[in-house]
Amino acid sequence: QQLPPRAGKKHPVVRRSIRRKGKTQGKESQKAVAGRSEETVIDRFSDCREILQKWCNLPVEALSSSMKLLVGVLFSFFLALPSAVARGGERGGTLSEYENDRSNVATTKARVLLEDEKSPNKIARARGYMTNSDLEKAVKDFGRRCSNISRIYSIGESVNGVPLWVIEISDKPGEEEGEPAFKYIGNVHGDEPVGRELLIRLANWICDNHLKDPLVRSIVENSHLHILPSINPDGFALQRRGNAKNIDLNRDFPDQGALVANYPWDGTSDGRKHYYLCPDDDTFRFLASTYSQSHRNMSLSTEFPGGITNGAFWYPIYGAMQDWNYIHAGCFELTLEVSDDKWPMIDEIPTLWEHNKMSLLNLAASVLKTGVHGRIFASDSGTPLPGFITIKGINYTVNAGRAFGDYHRLLVPGERYEVMATMPGYKSKTTTISLGETAMTVDFILDPETTTERYLWRTSGCNCGGSSSSSSKFGLEMFWTLHFEVYVVIIILLFWFLIRRRLKSNLSNDKQHAARSSLLPA
């Protein structure tokens with residue numbers, strides 16, 4: 001039995017980590033997201049769903065010592081994230097723009113690491129970790145040092161006014177491209193700070209090695225990686241799980257520590273604990289194994305075979321980001337529990353980084369190294385089409401991007417798949433592929449339906465999930481594109497009509513002139 005399948009947007013791979021109840025309560029969590037970004041600048045937010053809906057447009061997608069990480073590929077991941085702006089680029093406020101608007105919050109209490117209960121134990125465990133001010137400085141320093149492959153932007157502020165800075169890494173940061181986007185979000189739970197530290201290390205490691213490491217170079221040149229080191233700086237300052245309003249940011253989505261990579265579904269329809277597979281169960285298992293097998297010892301777990309588990313089989317939870325993003329945002333999300341200590345001493349961070357470094361890189365690269373990718377075009381005009389990709393036997397739909405018609409569909413290597421591209425007003429096309437160990441590119445050129453069928457589609461009110469302004473613009477573009485030949489014929493007929501009318505008028509004038517001439521006296 002499984003949850004009713006729902007169509008998703010394109011395919012971001014998303015990975016994140018969720019803090020679990022019960023025995024995992026003491027583990028650390030963080031989120032890594034991949035998916036697509038949008039042009040919205042987020043104001044102060046009180047729950048995780050609100051910010052991700054606006055940031056990832058849906059909306060659009062761990063580390064741990066049990067930290068959580070959300071990884072998505074926007075496929076719009078692969079992706080996805082839906083289409084990403086730059087399948088990559090987010091249109092939030094830039095560093096300079098944002099700083100001009102926040103002079104009144106520069107000294108907010110949330111910038112202080114310990115603002116309450118300054119007990120000896122809290123002070124001791126926090127010693128050496130970056131404060132919110134330190135983290136902001138680290139992000140800005142990175143932006144200046146690695147400006148050739150990065151862009152720093154803000155998606156808004158926390159409840160207490162702490163800016164939420166994001167690092168975008170790409171060879172063309174901020175530009176719109178037909179590439180997958182991938183997001184990492186850390187520190188979802190305020191009392192699990194390992195993710196903040198590891199994500200800054202990840203960004204700097206990429207900056208230092210992108211010219212000499214082939215894997216890192218591929219990530220930089222072929223995708224847009226977005227890193228939000230802390231989505232819950234207020235909870236971090238308070239050293240508690242929830243944010244300033246004491247909301248658990250990973251338990252606030254609508255329903256649909258260990259050392260393990262966890263994948264959907266997290267919840268079940270009957271509320272009981274059992275394996276609850278989603279339409280892309282095989283792909284999720286592959287992605288979870290990619291992280292686990294690249295980790296120092298995650299795959300050696302005696303509790304979880306191979307170091308991976310289905311969330312509901314472990315124990316069901318509801319209102320989590322993992323299931324919600326897969327259903328509503330087209331994001332593939334994993335929960336990575338990477339440590340049994342959710343707030344380890346700072347001198348353990350280098351070891352945790354070494355244990356997770358290749359897992360983080362290989363997971364991000366998986367959106368480029370496997371699956372089927374391509375673009376959808378119209379045969380009559382050659383323009384990109386924001387169509388849909390489906391795989392026979394998998395009840396899930398991936399949307400192609402609006403600007404480039406690009407799609408990114410994660411799949412398990414070594415299998416045969418029947419891939420179908422569709423678009424309203426066009427005839428669908430299907431092809432069968434044998435997917436090897438590397439990614440495959442398959443472009444589709446769709447032929448238009450008859451004029452009548454296309455007219456009916458055009459007047460049916462489809463806005464393809466866009467806003468009213470974007471859908472109106474899209475409708476005008478499609479109107480002129482689909483009926484260009486009709487307009488040409490109309491123009492030719494109108495021109496011919498005017499010429500004939502002019503000729504008749506000239507002929508009539510000539511006859512009248514001849515008649516008048518014949519009446520004149522000789």
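Mentor: The largest cavity is lined by N132, L135, E136, V139, V162, P163, L164, W165, L228, P229, S230 and P233. Two elements give two or more residues each to that lining, α4 (132-145) and β6 (163-169). A cavity here is a set of points on a 1 Å grid over the protein atoms alone where a 1.4 Å probe fits but cannot get out, and lining residues have an atom within 4 Å of a point.

Trainee: Which element supplies the largest share of the lining of the largest cavity?

Mentor: Helix α4 does, with four residues.

Trainee: How much space lies in the largest cavity?

Mentor: About 110 Å³. Volume means the space filled by probe spheres set on the grid points, which are joined across faces, edges and corners.

Trainee: And how do the lining residues of the largest cavity divide into nonpolar, polar and charged?

Mentor: Nine are nonpolar, two are polar and one is charged. Ala, Val, Leu, Ile, Met, Phe, Trp, Tyr, Cys and Pro count as nonpolar, Asp, Glu, Lys and Arg as charged, and the others, Gly among them, as polar.

Trainee: Where do these coordinates and numbers come from?

Mentor: This is a predicted model, in which local features need pLDDT of at least 70 and side-chain atom pairs count only at pLDDT 80 or more, while totals for chains, interfaces and linings use all residues. Residues are numbered from 1 along each chain as its sequence is written, and side-chain values use heavy atoms, with hydrogens and water left out.

Trainee: Okay, the overall picture. How many helices and strands are there?

Mentor: The protein has 14 helices and 19 strands. They are DSSP runs numbered from the N terminus (helices H or I, at least four residues; strands E, at least two). Of its 522 residues, 56% count as buried. Buried is under 20% relative accessible area, exposed is over 50%, and partly exposed is in between, with a 1.4 Å probe and protein chains only. The protein exposes about 21200 Å², and 54% of that comes from carbon and sulfur atoms. Those areas are from the Shrake-Rupley method with a 1.4 Å probe; for residues, only the protein chains shown count as cover.

Trainee: Salt bridges next. How many does the structure hold?

Mentor: Nine, each being a side-chain nitrogen of Lys or Arg within 4 Å of a carboxyl oxygen of Asp or Glu. One of them pairs K342 with D191, at 2.3 Å from N to O. K342 is buried at 17% relative accessibility, and D191 is buried at 7%.

Trainee: Last topic, pockets. Which residues lie nearest the centre of the second largest pocket?

Mentor: F304, P305, I308, T309 and F313 do, out of 12 lining residues. The elements giving two or more of them are β10 (308-310) and α9 (311-314), and β10 gives the most, three residues. The volume of this pocket is about 170 Å³. A pocket is an open set of grid points with protein on both sides within 12 Å along at least five of seven lines.

Trainee: How does its lining split by class?

Mentor: Seven nonpolar, two polar and three charged residues line the second largest pocket.
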